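Subject: Structure for your review

Dear colleague,

My notes on what was found in it follow, and I would ask you to read them with the structure open.

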Amino acid sequence: RREPMTPLSSLDAGLLYVETEEMTMHTMGILILEPEGSLGVDELEASAFDVTRQRFAERLHLIPPFRQRIVQGPLQIGDPHWIEDPAFDLDKHLVRVSLPSPGGMRELCAFVGSFAGTCLERDRPLWKAVLVEGLEGGKLALVMKIHHAAMDGGRSAAIAGELMDTSPESRVI
């Protein structure tokens, strides 16, 4: 059975065509998270990635571009298309890193600069998220990049509301 294909708009295709290693075409967001609760810092860091991964897995269906990848037509004719990625693997899109000590804004900015400077891989959905651990005061950061061809900056900002809850009580999905 063939998966349905959705053509990219000419504008979105153009964003793919003009991207270079020197001029990446993704949008980025950084959320600083201040976890609350009765867990100690060590216990919280041990479970923060698992909780984040679970939330992403439960809510990916709310964000269709997060499961779609780009394919080019035969003979490279015409603009590319989106298809549901049959080999989607969340672990290739959501990873974790730990900042070097002392875990301040300088270390976070160094990581973000390095992360921002790399293109997204074209053989999978055009997004990547990193849970950054080791920030001062037990804080965490969620750093995401999403290609402009997949969604514009305004829509990208709304993703946080779909992936996360704004209160300790988790909403039913």
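**The nonpolar cores**

Ile159 touches Ile63, Phe66, Met144, Ile146 and Met151, when residues up to four places away in sequence are not counted. Please keep in mind throughout that this is a predicted model.

Several of these residues belong to the largest nonpolar core, which has 28 residues; Phe56, Phe66, Trp127, Met144, Ile146 and Ile159 have the most contacts inside it. At least two residues of this core come from each of α1 (10-18), α2, β6 (127-133), β7 (140-147) and α4 (153-163). The element that gives the most to this core is β7, with four residues. There is also a second, separate core of 10 residues, and Val112, Phe115, Leu135 and Val143 are included in it. As background, nonpolar side chains in soluble globular proteins tend to be buried together.

Ser156 is found in helix α4. With a relative accessible area of 13%, Ser156 counts as buried, because the cut-off for that term is under 20%. Leaving out residues up to four places away in sequence, Ser156 touches Thr27, Ile146 and Met151. For orientation when you turn the model, the C-alpha atoms of Ser156 and Ala116 are separated by 15 Å, and these two residues are 40 places apart along the chain.

**A buried arginine**

Is Arg59 buried or exposed? Arg59 is buried, and its relative accessible area is 0%. This residue has its place in helix α2, which covers residues 41-59. A polar atom of the Arg59 side chain lies 3.2 Å from the backbone oxygen of Leu163. Apart from its neighbours within four places in sequence, Arg59 is in contact with Glu162, Leu163, Met164, Asp165, Ser170, Arg171 and Ile173.

**Salt bridges**

Side chains of opposite charge can pair when their charged atoms come close. How many salt bridges does a search of the whole structure find? The search finds nine, and three of them are described here.

Lys139 is partly exposed, at 31% relative accessibility, whereas Glu34 is exposed, with a relative accessible area of 57%.

Next, the side chains of Arg69 and Asp85 meet in a salt bridge at 3.4 Å, N to O. Arg69 lies in strand β3 (residues 68-71) and Asp85 in the loop between β4 (81-84) and β5, so the pair ties together parts that are 16 residues apart in sequence. Asp85 counts as buried, at 6% relative accessibility. Leaving aside neighbours within four places in sequence, the residues in contact with Asp85 are Arg67, Gln68, Arg69, Arg124 and Pro125.

Arg124, one of those contacts of Asp85, also forms a salt bridge with Glu121, in which the closest N and O atoms are 3.3 Å apart. Arg124 is buried at 16% relative accessibility, while Glu121 is partly exposed, with a relative accessible area of 42%. Through salt bridges that share partners, Glu121, Asp123 and Arg124 are joined into one network.

**A nonpolar patch on the surface**

Which residues form a nonpolar patch on the surface? They are Tyr17, Val18 and Met23, which together have about 290 Å² of accessible area. Val18 has its place in helix α1 and counts as partly exposed, because its relative accessibility of 42% falls between the cut-offs of 20% and 50%.

**A cis peptide bond**

Finally, please look at the bond between Ser101 and Pro102. A cis peptide bond joins these two residues, with omega about 10°. Most peptide bonds are trans. Pro102 has its place in the loop between β5 (94-98) and α3 (105-116).

Yours sincerely,

A colleague

Terms used: Residues are numbered from 1 along each chain as its sequence is written. This is a predicted model: local features need pLDDT of at least 70, side-chain atom pairs count only at pLDDT 80 or more; totals for chains, interfaces and linings use all residues. Side-chain values use heavy atoms; hydrogens and water are left out. Buried means under 20% relative accessible area, exposed over 50%, partly exposed in between (1.4 Å probe, protein chains only). A polar contact is a pair of N or O atoms within 3.5 Å; within protein, one must be able to donate a hydrogen and the other to accept it, and residues adjacent in sequence count only if both atoms are side-chain atoms. Contact means heavy atoms within 4.5 Å. A nonpolar core is a set of buried Ala, Val, Leu, Ile, Met, Phe, Trp, Tyr and Cys residues joined through side-chain atoms within 4.5 Å. A salt bridge is a side-chain nitrogen of Lys or Arg within 4 Å of a carboxyl oxygen of Asp or Glu. Patches are made of residues with over 30% relative accessible area and no salt bridge: like charges are joined within 9 Å, nonpolar side chains (Val, Leu, Ile, Met, Phe, Trp, Tyr) within 5 Å. Accessible areas come from the Shrake-Rupley method with a 1.4 Å probe; for residues, only the protein chains shown count as cover.
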